[in-house]
Amino acid sequence: MQNALLMKYIEKNRRTDLPTTLRTGDTIKVHVKIKEGDKERLQAFEGVMIARNNSGLGESITVRKISFGHGVERIFPLNGKMIDHIDLVRTGRARRAKLYYLRGLKGKAARLKERT
Amino acid sequence: MSPGILGKKIGMTQVFRPDGQVVPVTLLKAGPCAVVQRKTPATDGYDAVQLGLLEFVKPKRINKPATGHLKKAGTEGAKFLKEFRLDKGYPSQGDLKAGDQVLVSDFKVKDKVDVIGVSKGRGFAGVVKRHKFGGGEDSHGSMHHRAPGSIGASSFPSRVVPGMRMGGHMGNEQVTVRNLEIIDVDTEDNVLVVKGAVPGPNGSYVVVRRAKR
């Protein structure tokens, strides 16, 4: 994607209200808009960000958490309207871009050190 | 109102609609165009406008007859010219004169357009790529991989019936994609954003025409 006009269009349509400093390994809280009938409420999904995929307007993040003993992952498009906001809960030091190895670990082994 | 506009394909991306739906889009650098010639039934036998895409072209890249042709309309720097018929099925759009400018602002969001371009050349393509044949099995002793198979019977008819699908040149031909929705219009950068894919590589010339049906 080297075309200046394409990049300009992507920049114009990109969401700017979300934190830009999120990195894989961080524990984050994603507040998702949920529609019930004609009412809208927020639901939080808290977990470790294990991957950041694609670039441009299709950019997304994968968040993993352990829910009642089961690993649950959700993929959130960063430029869509379903995310209300994202809170950073805790930073984590990761030595690679995709933390898929966390899927094979549980409990104490699946922890990440805080980034300093 | 112009029956169409000329442009160049920029590239593809995706955008979110207000309701949250993702739409694949193609960006086109459309215009500015100039009306190079106005053809009328009286002089040319039919009703049409000839548009030229105004862009940076080295003057020596346009030969002298073409330069003279552009000069008649008071324009220069256009090597991509196309005609749009005004009589067949189009409402009367006779307000265009030679020398007039056609800009993207002529198009509105939600309008439908047809986009005409030249598809990417695939060279001599086999029957699997060109006609979507299934091909044979790769393993288990199969000796029939991407070959076309039988192309007819033997002593009768003793020939291959016309139109038999075979390998051959694929792509690099004119393709029209109909009824693409306009998602966005950027009048500042002359960018037209249409829904879906458009034939040809990025940077190729395309003709954008108001949808016929």
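The domain bounds I use come from an automatic or database domain assignment. By that assignment, I have domain 1 (4–123 + 175–210) and domain 2 (124–170) in chain B. I looked up the distance between the centres of these two domains of chain B, taken over C-alpha atoms, and got 39 Å.

Housekeeping, before I go on. I am working with a predicted model, where local features need pLDDT of at least 70, side-chain atom pairs count only at pLDDT 80 or more, and totals for chains, interfaces and linings use all residues. Residues are numbered from 1 along each chain as its sequence is written, chains are lettered from A and ligands numbered from 1 in the order in which they are written, and side-chain values use heavy atoms, with hydrogens and water left out.

**Entry 1: the two domains of chain B**

I checked contacts (heavy atoms within 4.5 Å). Domain 1 of chain B brings four residues to the contact and domain 2 of chain B brings five residues. For buried area I take the accessible area (1.4 Å probe) that two parts lose on being put together, summed over both. Between these domains I find about 320 Å², with 52% from carbon and sulfur atoms. On the domain 1 side, B:Gly121, B:Arg122 and B:Gly123 lose the most area, together 97% of what that side buries.

Three residue pairs across the domain interface are in polar contact, both residues at pLDDT 80 or more.

**Entry 2: chain B against chain A**

Here the contact takes 17 residues from chain B and 14 residues from chain A. The two chains bury about 1200 Å² between them, 64% of it on carbon and sulfur atoms. I count three salt bridges across this interface. In a salt bridge at 2.8 Å, N to O, the side chain of B:Asp189 meets that of A:Lys8.

β1 (4–16), β2 (22–30), β10 (174–186) and β11 (191–195) of chain B each supply at least two residues. β1(B) gives the most, with seven residues.

**Entry 3: single residues**

Is B:Ser204 buried or exposed? My cut-offs are under 20% relative accessible area for buried and over 50% for exposed, with partly exposed in between (1.4 Å probe, protein chains only). B:Ser204 is buried, at 14%. B:Ser204 sits in the loop between β11 and β12 (205–210) of chain B. A polar atom of its side chain lies 2.7 Å from the backbone oxygen of B:Pro201. Not counting residues up to four places away in sequence, B:Ser204 touches B:Gly7, B:Lys8, B:Lys9 and B:Pro199.

I finished with the backbone. Most residues other than glycine have a negative phi, and most peptide bonds are trans. The bond from B:Phe156 to B:Pro157 is cis, with omega near 10 degrees. A:Phe68 has a positive phi of about 50 degrees and is exposed at 84% relative accessibility. B:Asn190 has a positive phi near 60 degrees, but is buried at 13%.

Notes:
Polar contact = N/O pair within 3.5 Å; in protein donor to acceptor, adjacent residues only side chain to side chain. Salt bridge = Lys/Arg side-chain N within 4 Å of Asp/Glu carboxyl O. Helix = DSSP H or I, 4+ residues; strand = E, 2+ residues; numbered from the N terminus.
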